[in-house]
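Dear colleague,

I am handing over the structure below, followed by notes on what was found in it. Please read them alongside the coordinates.

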Amino acid sequence: MADDRKFTHIDCFAGPGGICTGLTAAGFHTLVAIEYIKTCCETYSANHPDVHVIHSDIRKVTAEQILPFIPENGVDLVTSGMPCETFSTAGNTSRSFYDDRQFLFREGIRVAQISNARFLLFENVPGITSKRTQKDSKTLIVDVLKNELVEAGYENYIEIVLDATQFGVPQKRNRYFILASRDKHVKLSGPKPTASHITTVEEAFAGLPNVLPNTKISPTEYLEEDSDYSRLLKNNSFWKRGANMQKELFLQTPMKHREHTICRFALLKPGEGLKDLFTRFSDEDIATLQRARILPKKMFIKRNVRLKLNEPSSTVTSHCLDEFVHPTSNRALTVRECARLQSFPDSYIFHGPFLVPHIDRTVQDKYEQIGDAVPPLLAYAWGTQIINILRSTPQ
């Protein structure tokens, strides 16, 4: 007998909808999404109009806001990808922050209890496994998380770190997951690698026409070249996005660059970044380049890295506009190119401005939304795996 169950999902810390996009392709029906940032909510609703999106600080969300939109017996899955700033090792000072954000995992557990969720999936950077609750404490955040999972009835859980390149994402991105179940007898396991090879930047950008910085020309037609990866991202049937979704190219919009910034990009060899220019040139040359404003006064460790065509990119972050340079052109990446690196479908719409100051945490620009998202192909792998577990587990 065919299993025609509808597998249901609540999306906490939903962002622009990366998890929902992958889970939808796998066969889940997302019923409720909770997100604090307004532009993320706008992006989410534009791409997933059937989902009830709650624009709110998750700590203020009540059961009354959730229960009318889910089945009486609860949902199959709650996902919780809480903000990772305090766990990231990307910056020199990021791990010095000890505030209430590092305990936001409690909200995922609370929503799972409200919705009587069978499974709960946490996602974060691997650095969460070594972050302590306080600077001088020996207690790890992740141990508090696991203890509170057990107290909430989710004592059956597994931990796993996955490499996104093993699931077809053209990006070196390791992420830490906990999959937990209320059923202590169910056998839990993570998704097995699905990629037959590592997808490269060249494959990711296949079919995208080049653009020139400081112009207003945004191409709307693809080039004839293609790759298996680019075809997948244009396949709205795979993503279950419907026949009416946009099929022409959009958001291949060039950025504005000062002339001295373009000159800096021209100095970069594939794989090199700003730090390498400070290493490669002599002190005298550096001083000359700084007087010409081609090099900044300060060296940033991860900034202006020219991508290699024959490799995946490094991790796409909320700072991807500043961090990456196109592999062959002297410019930053377009929104669509960043979305390709994250495995968002080409028909995916991103609302909000192209660029806003990072000091404003109530609004995210298009680049920030993309960089903070869970790659949809990685979410798809989890979706198919959890559905397999659900189908093998009695209701």
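Helix H12 (residues 335–342) is largely enclosed by the rest of the structure, because eight of its eight residues are buried; buried means under 20% relative accessible area, with a 1.4 Å probe and protein chains only, and helices are DSSP runs of H or I of at least four residues, strands runs of E of at least two, both numbered from the N terminus. This is a predicted model, in which local features need pLDDT of at least 70 and side-chain atom pairs count only at pLDDT 80 or more, while totals for chains, interfaces and linings use all residues. Residues are numbered from 1 along each chain as its sequence is written, and side-chain values use heavy atoms, with hydrogens and water left out.

Among the elements covering the buried residues of H12 are helix H7 (228–233), strand S9 (324–325) and helix H14 (376–391). Just after H12, Ser343 takes a positive phi of about 75°.

One of the buried residues of H12 is Cys338, at 0% relative accessibility. Its sulfur is 3.8 Å from the closest cysteine sulfur, in Cys320, which is too far for a bond, and a search of the whole structure finds zero disulfides (a disulfide being a pair of cysteine sulfur atoms within 2.5 Å).

Helix H1 (residues 18–26) packs against H14 at an angle of about 45°, with the axes 7 Å apart; the axes are lines fitted to C-alpha atoms over the stretch in contact, and angles run from 0 to 180 degrees between N-to-C directions.

Best regards

Key: Buried < 20%, exposed > 50% of the residue type's maximum accessible area, 1.4 Å probe, protein only. Contact = heavy atoms within 4.5 Å.
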